[in-house]
Amino acid sequence: MKTAKPLRILFAALVCAAAVSCSRRQDTVSVRIVATSDVHGRIFDIDAVNGGHREGSLAKVSTFLKAERKAGNNVIYVDCGDVLQGSIEMYRDITAEFYKPCLASEAYNLLDCKAAAMGNHDLMVGTESYCDYFTALGCPVLWGNLGFTRPGDYMPPYRIVETDGIRIAFLGLTTPNVEYTIPSDIMGELEVCTMEDAARKWIPVLREQEKADVIVGLLHAGSELPKGDTVSSDDVFLPGNLVGQVPGFDLIIYGHDHRPGIMRMADADGDSLWLANPGPYAMAAVVADLRFDFTDSESPKPEISVRLEDLTGLKPDRKFLKRLSDRWDDVCAYADSTLGVLDEPIDASGLLWRTTSAMDYLHSFQMGFQGAEVSIISCVQDTSVIAAGPLTIRDIFHIYPYDNSMVSLMLKGSEICSILECSADSYFLDGGRDSGLLKLKSENGCRSLTEPAERYLTAAGIRYRIDVTRPFGERVSVESMSDGKPFDKDRYYRTTITSFLYGGKESVLPYATGLSGEDLQKRLLVSSGTDLKYYMISQASLCGETQHSISIGRLADWELVPHDVVSAGLAQDTVGLNLFKR
């Protein structure tokens, strides 16, 4: 993994010379803005891990943009952030590519992207990696509510795109919760202010100095809990808060929460404007049409219409893929790489109701990090079995597809119990032979879990039991530490969790413990910086080089009780069950 270095990037030239084209205004001018968000590295139309065709990809975005431009539409393409994590192609690009420009930058340049917001996952890859992204990208990455402690280091807050005499300002803002959801030793010297404070600063600049005809908020922020809010289950809609407090925006395009949709809201002055979210993985795009009528006014307010364009049915752009064909060949070779040899299968089947070697494999790395006494991790989402024998990088991605790092922090024994209680409540009914065991939903004849998989946690380092017949708060009983020593609810334990559990929106940790973002920062000891997969790949490679087989010891020690109730419940639940429906 590339290590972080001090950031000193000067973007003044990009901000000052951001005009795309200059021409005399006509009587009427139409501009079409196309936006994506949360692409998460879906560059190619095929997933090199499982070989399946993706519903969304930048290759399909390219098809749509080419058709729009060929039809004569005046198109400006922008993105709301989160591209550098989430796929095998971007993972390889960041961890194993040292000679070629950033893959995401190359892809966006082919799409003629005019501006991009900074996403939290773009930040999590580390300074050197996102600097490589900035350097190769042909447009600025915007973050108007970012500051650096080092004088002279900054990112541009906005970009002016001029087309047919219309000056369109894109103001980039990112959720301020990155300050609490990303471990502080990864955040480094960054300082973040609220989106409202940044907008109050920059909107007058855009109107009065830059003479912008339109101000578009390019937000990487959506429905989420605010910093310090650990008990409320209600979502806080940050884009809505922004427009409700700060007037001056004409349009808000946002992402981050993976919830596609369009709505209309009134700003602080009572003016109505559109807020639109394209959703994740380039499966859809926001299409905003702006029409200016200068026949009766020198500075008319634009007529704006917004829609979501479904991209899943499009064919990928062959020319786009051909331009990146060498990068695709690199990704496929990378996925096929053999790391070492497994001496036993890695089995993830039945992981919700029994210990598995797949979860033990993950726990082994977390227990080995910083002398952990307890490990807590989300269940994997691939319940297949990897056979004994050669282990490839593709197999590693099947075991753990996420880019989460490991975080070491101090948790009280009672807090560990509360976390496991909340996890158990997410997927177990008040068990019984007649009621079943799992909380399930039925959809199109298929049954799946009602809650996101990220809420299903297991622990290692302790021996515990989950009594499915007991009510919430009384289900989990910790018998001892794994070595037989007493478990003390009042003692603090060095605990390893993932960065997602530390700050992810679906994490049960803040809700279960009552710890605020500030509290978690105080409990933080250190984060791994590099992600969990990187440790898995490194260890397997070392075993391969030294001709040692990869062994998996038993670490997790928990079970569901009573056994007869559990067996009867599972007999009902597992018929037609798609355990982790995607």
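This is a predicted model: local features need pLDDT of at least 70, side-chain atom pairs count only at pLDDT 80 or more; totals for chains, interfaces and linings use all residues.
**Reading a sheet, a helix pair and one arginine**

Colleague: Which residues is Arg69 in contact with, leaving aside its neighbours within four places in sequence?

Modeller: Contact means heavy atoms within 4.5 Å. By that rule, Arg69 is in contact with Val75, Tyr77, Leu111 and Asp112, its neighbours within four places in sequence left aside. Arg69 also lies 10.0 Å from Arg32, C-alpha to C-alpha, though 37 residues separate the two in sequence.

Colleague: Which helix holds Arg69?

Modeller: Helices (H or I, at least four residues) and strands (E, at least two) are DSSP runs, numbered from the N terminus. Arg69 is found in helix H2.

Colleague: How do I read a sheet, and what is the strand order here?

Modeller: Strands of a sheet pair through backbone hydrogen bonds, either parallel or antiparallel. Two strands count as paired if DSSP finds at least two bridges between them. Here six strands form an open sheet with mixed pairing, in the order E4-E3-E2-E1-E15-E16. Its edge strands, E4 (141–142) and E16 (303–310), each pair on one side only. Helix H2 (residues 58–70) packs on this sheet, touching E1 (28–36), E2 (75–79), E15 (284–293) and E16. The direction of H2 makes about 160° with that of E2; axes are lines fitted to C-alpha atoms, for helices over the stretch in contact, and angles run from 0 to 180 degrees between N-to-C directions.

Colleague: How many bridges join E3 to E4?

Modeller: Two, and E3 (residues 113–117) runs parallel to E4. Ala116 has Val141 in E4 as its bridge partner.

Colleague: What about helices H13 and H19: at what angle do they cross?

Modeller: The axes of H13 (residues 357–367) and H19 (residues 532–545) come within 10 Å and cross at roughly 95°. The two are therefore roughly perpendicular to each other, a label for angles of 65 to 115 degrees. Tyr361, Leu362 and Phe365 in H13 meet Leu532, Tyr535, Met536 and Gln539 in H19.

Technical notes:
Residues are numbered from 1 along each chain as its sequence is written. Side-chain values use heavy atoms; hydrogens and water are left out. Angles under 35 degrees count as roughly parallel, over 145 as roughly antiparallel, 65 to 115 as roughly perpendicular and the rest as oblique.
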